[in-house]
Amino acid sequence: MAGLILRSACRRALLQSQNVASPMLAARTVVLKTVQADNRPGESHDDRNARLQRPQSPHLTIYSFQLTAVLSITHRMTGMALAGYATALGLGALAMPHDATHYLTMLEGLSAPTLMALKFTMAYPFSYHTVNGVRHLFWDLGKFLSIKEVYTTGYTMLLVSGVLAAGLTFL
């Protein structure tokens with residue numbers, strides 16, 4: 001089978017090489033010249049670029065992050081956090097000698113702000129990932145895909161996920 005395909009390709013190449021009038025098939029010669037590197041001892045990379053008058057590329061300090069990039073990165077991070085929570089809780093349930101109610105009663109000794117912070121740390125990745133997942137489902141349906149709508153749904157998603165996380169925290 002491979003031989004037939006190769007023979008067919010060679011025949012086409014032979015037929016096309018006989019018709020040299022086509023500019024796509026015209027042969028051209030490319031010559032590469034080697035140039036000796038101009039490395040000066042003790043010269044830093046930045047000094048060499050300044051001497052050769054090369055422009056400096058933009059630095060991260062002047063780059064402004066776009067909302068879409070930040071939300072995408074955060075969506076991935078919350079997904080990893082949720083997977084980490086599930087793994088830690090699952091392995092903890094297997095390895096610990098007592099059941100979950102024993103450990104939950106131990107949390108009653110924590111102060112209210114500490115307990116609220118712990119609950120919010122658990123609730124926010126869940127609410128953010130869920131609400132942003134719904135946003136992505138709308139995108140899959142072809143909705144809210146203009147730049148203005150993407151930014152509007154992004155800010156709305158942040159607001160809704162914050163409210164949902166606060167609601168879950170106060171349960």
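**Confidence**

The model is predicted. Mean pLDDT for the protein chain is 87. Of its residues, 84% reach 70 or more.

| Element | Residues | Mean pLDDT |
|---|---|---|
| Helix 1, lowest confidence | 2–18 | 59 |
| Helix 6, highest confidence | 147–169 | 97 |

**The largest pocket**

The largest pocket holds about 530 Å³ of space. Helix 3 gives the most, with 5 residues. In total, 16 residues line the pocket. Nearest its centre lie Leu 89, Tyr 103, Leu 104, Leu 107 and Met 122. By class, the lining has 12 nonpolar residues, 2 polar and 2 charged.

**Thr 169**

Thr 169 sits in helix 6, the helix with the highest confidence in the chain. Is Thr 169 buried or exposed? Its relative accessible area is 4%. Buried means under 20%, so Thr 169 counts as buried.

The side chain of Thr 169 reaches a backbone oxygen, that of Ala 165, at 2.7 Å. Beyond its neighbours within four places in sequence, Thr 169 is in contact with Met 116, Lys 119, Phe 120 and Ala 123.

Terms used. Residues are numbered from 1 along each chain as its sequence is written. This is a predicted model: local features need pLDDT of at least 70, side-chain atom pairs count only at pLDDT 80 or more; totals for chains, interfaces and linings use all residues. Side-chain values use heavy atoms; hydrogens and water are left out. On a 1 Å grid over the protein atoms alone, a cavity is a set of points where a 1.4 Å probe fits but cannot get out, and a pocket is an open set with protein on both sides within 12 Å along at least five of seven lines; lining residues have an atom within 4 Å of a point. Grid points are joined across faces, edges and corners, and a volume is the space filled by probe spheres set on the points. Helices (H or I, at least four residues) and strands (E, at least two) are DSSP runs, numbered from the N terminus. Ala, Val, Leu, Ile, Met, Phe, Trp, Tyr, Cys and Pro count as nonpolar, Asp, Glu, Lys and Arg as charged, and the others, Gly among them, as polar. pLDDT is the predictor's confidence in each residue, from 0 to 100. Buried means under 20% relative accessible area, exposed over 50%, partly exposed in between (1.4 Å probe, protein chains only). A polar contact is a pair of N or O atoms within 3.5 Å; within protein, one must be able to donate a hydrogen and the other to accept it, and residues adjacent in sequence count only if both atoms are side-chain atoms. Contact means heavy atoms within 4.5 Å.
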